[in-house]
Amino acid sequence: MDGNEERNRVAIIAIHGVADQQPGDTSRDIVDLLLIGAPAGVQYVHTASDAFTLRVETQPPGRSRSETDPATPRGARPFRKALRQSMKSDFYLDSGSSADGGRKVKWTEDTKFTDYLLHKAVRNETPVETYATTRHRLERCSPDARQNVDVYEMYWADLSRLSGAIPRIITELLTLIFRLSQLGRDTLDRHAAAPDAGADWRFLAKLQTAIDWLFSRWLGPLALVLLMTVLVFAPAGHLEWTDRFPTVLRVLTTALPAGVFILLLYLLPPRWPGFLGAACVAGLSATLLALSAPGWCVGVLWLAALSLAYDLILKLCDERFPMVRRTGWSLWALALAVMIVQAEGPDGADWVRGGLAAFELALFLILLAWLLMGALLAVWLVTMPVVGVGDQAGLASKGTASLGLLVSICVFVLLTMLIAALLKGVAAEFVAAHTYVPWWFSGGGKALVAADDFVRIRVERHVEGFTGIAVLGGVLVLHLVLSFLPSVLAELKLVRPEGGRLGRWLTMGYRRMEPIVSVLSGLGVVFALIVGGYMVLGGWWPEEANSIRCFLAAVGWMDVLPGILYAMAGATVSVSVLGGLLSRFVPGLRAPLDAALDVDNHLREFPRQAIPRARIFSRYLALLEHIASRKYDHILIVSHSQGTVISTELLRYLKLRGEDDTDPLGALWSELQGKLDLMTAGCPLRQLYAARFPVIYGWVLAHDGNWCGPQHAALGVQRWVNVYTTGDYVGRWLWARLPETDEAPHDCLAEAPDWRSVLAQGGPPILAKGCQVDVCLGGGAHTHYFDSDQSQVAALIDGLTQPAAA
C-alpha cells in the first residue's frame, strides 16, 4: 500500500458491455462522468493514473464435480465419445457434472456450469496469460469529508468479441449459424433433464437433437462437399493438360513422388522401417505415373490440394461441432470415389465428367437430407404444442428451441442460395463445351445434355426450392426490424421518442415473438416437405415437379429474391467488416450482432484451450484479488450489458465457493464480503437470459415476498441498483411485483411497477443497506448510459460510493 493512502478508500470496477470498446474506454467514461456530472456539493478531482499488469492463471474449479471423475487426455476423442458429444453437451455427458460430492454448499445449475467450464479449461491446459490495465485515482470532495476513489476496468472484449479480421469474421458468422440451433437443443435438454420432466419432454428433446444433428452434421458438410465438387472441375474445363503444358506435367510427374517421400518421412516414425516404407511408396507412385497418362498427375495433385483445404475447414468445424470431421470425410470420400470411377481417363473431359457426377451426387444427398428433416420437423411440429402444457418455463424453453432452429435454418438457406447464385454462371462456364449424362436428374431418361446447361438448371432448381423458406426468414427479420427500429433511432439520437410509448412498443414486439415464431415454424415445415418432394420427384416425374416449381416460384418472389439476397449479403459484410468503426459512431447498427455473439460465447464450451467464460472469469478473479490485497473499505462494481451478466454470475459463483471454508477462494471472499455494491445498466438477465434459458437462469426470477427478481443476497452484495431506459432492446428492469394470486409469475416481460424515487432532490441518492431497486432513466436505447450528460447515473454511482443508510 502506498504511504500517502488513507482510510475510507473506495474502488470502482468498470466492466463494459456491447459496442467494441477499446481497453480503458469504459473506465475513462466513468471518470469523465464523475468529473462532469457529480451531484451538487460534490466534486471529483483526478489526481493520477498508473498502469499495472496482472498474471492470469486459469482458476481451478470447485467441488461441484465428483473427485473420482476421470480426466480424459486432451486430444483423445474416440468415435463413440465424439458421437455422444455431437448429440449432447459435455456438461451432461460428464458423470461428475451434477454431483454435489457430499459438500456442505448447494450447487445450482448456473454455478455448476461455470465450474464445469473452469474444469474443462484446466484439463485442456489453458495457457497462463497477462492482463494490462490502468488505475485512475480520484479524490472526492464534499462539505463533510474527502475520500479516495480508484477506478479500475475489467476489460473482456478481446476474449469474446468479434474482431476485425476477415477470416475470424467469416468463421464466427458461420459458427453462429449452427450454434443457434444447438443452443435451442441444449435448452430443451436442460428442461428435459429436470426431475419433474416427463417422458414427453425427453421425447421432444431427442427429436430436437435428431433435427439439429441432421442439420449441422449432415447438411452443413454436404453444402461444403457441393462447393468442393464445383472446384474439382474448375481447372479441367479449359485445360487440355497433355497438349498445353507438357513441360509442367513432366515437372509435376517428377515432383509428386518426391513430395510423397518427404510427406511420409514426416508422418512415419523416424526409424529405418519408416524410411524404407516411404521410399517404397514413392517408388511405386513414380512407376504408376510413368505407366499412366500425365493427366492423372494433375488430377491427383488437384484432388489432394482440395482434400487438404477441405480437411483444414473440417478441423476448424470439429473444434466447435464434434463429429463434423468424421461425417464430412465420409461424404467427401464417397464423392472422390464417384469422381474416380466416372472419370475413366486422364483427360480434362474425363475429370469434368467425374466432377459432374460428384456434383449430382451431392445435390441428391442434400435433397434426401431435406426430405428426412422435413419428416422429422413434421413430427416436431405436432409434438411441440402438446408437451408441457401450462409449464411456463417449458414454454420459454420450447420458444428458444423453435427460434434457434428457425433462425439457423433460414440463415443457412439464405447463405447457400447466395453462394449458389454467385457461382452458377462461373460453374457453368467451367464446363462449357462438355456434355454429360445425368443419372438422377434426367427427367426419366438417360439423354446426353450440355454440361453447362445441366449445372445452370440444377442450381436454379435448387435455389427455387428454398425461396419460400427464405421468405419466412425475411418475415422474422422484418418483425425484428420493426420491433427494434424506434430503439435504434433513439440509439443514434435521430429521434427523441416519449419513454412510455417507446417501452410499450418494444415490449409488444417481444411478446409477439413467440406466436410469430410458431406460425413461421409451421409454414417452414410445410415448405420443407414440399421442397423435398419437389426435388425428388424432379428426377422421375418432371411434369408433376414442374407444377410444384410454379407454386414455389409464385410464393418465393423469384424475380426480386436475387436482389434481396445481394443486398442482405452486402449489409452483413459491411456491418461485420466495419464493425469497429460502426461501434464508435453508430453503435445501434452493430450492437445486436455483438449481443448475439456475446451470449453465444458466454455459453460456449470451445475452443478447448480458450473457453471464453473461463478466461474472462479468471481475469476478473485476478483483478479482484489485486483489489482485495489493497484493503479498500468499499468496492463498487459498475457494469453494462453483458458485463452485468459476467459480474452477477461470477459473484454468485464466488460467494458459493466462499461458503466452503476449505476452498482456496474462501480467502478472497472473506476479504470482499460485506464490502461489495453493484450497479447494472442495460442488464439482460431478465429480458434475454431468463426469457430464453429459463432453467440455468431460473434464479433471476426468484420470489421474495411480493416481489419477483434476482436477490442481491445471492450475489453477496449489500446494494444493487439497476438503471435502464424504456427502449433498451437488451435489458430493462429486473424486479416486478407479484400478482395477488398464489401462482408464481413467469412472464419475463411483465411491466415494472412504479418504484419509489431514489434520486433525492438537490443531492445524491440515499441508498439503504439491503436495497435492490430499478431506476428508469426515461426514453433511450442501450449504449449511452455512461455519456457525460447522464447526471442521474453519476448521482447513483456517487451514492453507492457512500456508506449505506441505516
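**Close-up views of a predicted model**

View 1. With a relative accessibility of 0%, Ser181 is classed as buried. A polar contact of 2.8 Å joins the side chains of Ser181 and Asp212. Apart from neighbours within four places in sequence, the residues in contact with Ser181 are Asp212, Phe215, Gly404, Leu405 and Ser408.

View 2. Glu319 is found in helix α11 (residues 295-320). Its relative accessible area is 33%, so Glu319 is partly exposed. Glu319 touches Phe606 and Arg608, residues up to four places away in sequence not being counted. The C-alpha atoms of Glu319 and Pro607 are 6.3 Å apart in space, although the two residues are 288 residues apart in sequence.

**View 3. Crossing of helices α7 and α12.** The axes of α7 (residues 199-232) and α12 (residues 324-343) come within 9 Å and cross at roughly 35°. The crossing of α7 and α12 is right-handed. By class, this contact comprises 12 nonpolar, 4 polar and 1 charged residues. Among the residues of α7 that take part are Trp213, Arg217, Trp218, Leu222 and Met228; the α12 side includes Val324, Leu331, Trp332 and Met339.

**View 4. Salt bridge between Arg135 and Asp50.** Arg135 and Asp50 form a salt bridge, with their closest N and O atoms 3.2 Å apart. Arg135 lies in strand β3 (residues 129-141) and Asp50 in strand β2 (residues 43-56), so the pair ties together parts that are 85 residues apart in sequence. Arg135 is buried at 4% relative accessibility, whereas Asp50 is partly exposed at 25%. Asp50, Arg135 and Asp150 are linked in a network of salt bridges.

**View 5. Salt bridge between Arg140 and Asp798.** The side chains of Arg140 and Asp798 form a salt bridge with an N to O distance of 2.7 Å. Since Arg140 lies in strand β3 and Asp798 in helix α27 (residues 791-800), the pair ties together parts that are 658 residues apart in sequence. Arg140 is buried, with a relative accessible area of 6%, and Asp798 is buried at 0% relative accessibility.

**View 6. Salt bridge between Glu671 and Lys631.** The closest N and O atoms of the salt bridge between Glu671 and Lys631 are 3.1 Å apart. Glu671 lies in helix α25 (residues 666-672) and Lys631 in the loop between α23 (612-629) and β7 (634-640), so the pair ties together parts that are 40 residues apart in sequence. Glu671 is partly exposed at 28% relative accessible area, and Lys631 is partly exposed at 37% relative accessibility. The structure holds 25 salt bridges.

Key. Residues are numbered from 1 along each chain as its sequence is written. This is a predicted model: local features need pLDDT of at least 70, side-chain atom pairs count only at pLDDT 80 or more; totals for chains, interfaces and linings use all residues. Side-chain values use heavy atoms; hydrogens and water are left out. Buried means under 20% relative accessible area, exposed over 50%, partly exposed in between (1.4 Å probe, protein chains only). A polar contact is a pair of N or O atoms within 3.5 Å; within protein, one must be able to donate a hydrogen and the other to accept it, and residues adjacent in sequence count only if both atoms are side-chain atoms. Contact means heavy atoms within 4.5 Å. Helices (H or I, at least four residues) and strands (E, at least two) are DSSP runs, numbered from the N terminus. Axes are lines fitted to C-alpha atoms, for helices over the stretch in contact, and angles run from 0 to 180 degrees between N-to-C directions. A crossing is left-handed if the near helix is turned anticlockwise from the far one by less than a right angle, and right-handed if clockwise. Ala, Val, Leu, Ile, Met, Phe, Trp, Tyr, Cys and Pro count as nonpolar, Asp, Glu, Lys and Arg as charged, and the others, Gly among them, as polar. A salt bridge is a side-chain nitrogen of Lys or Arg within 4 Å of a carboxyl oxygen of Asp or Glu.
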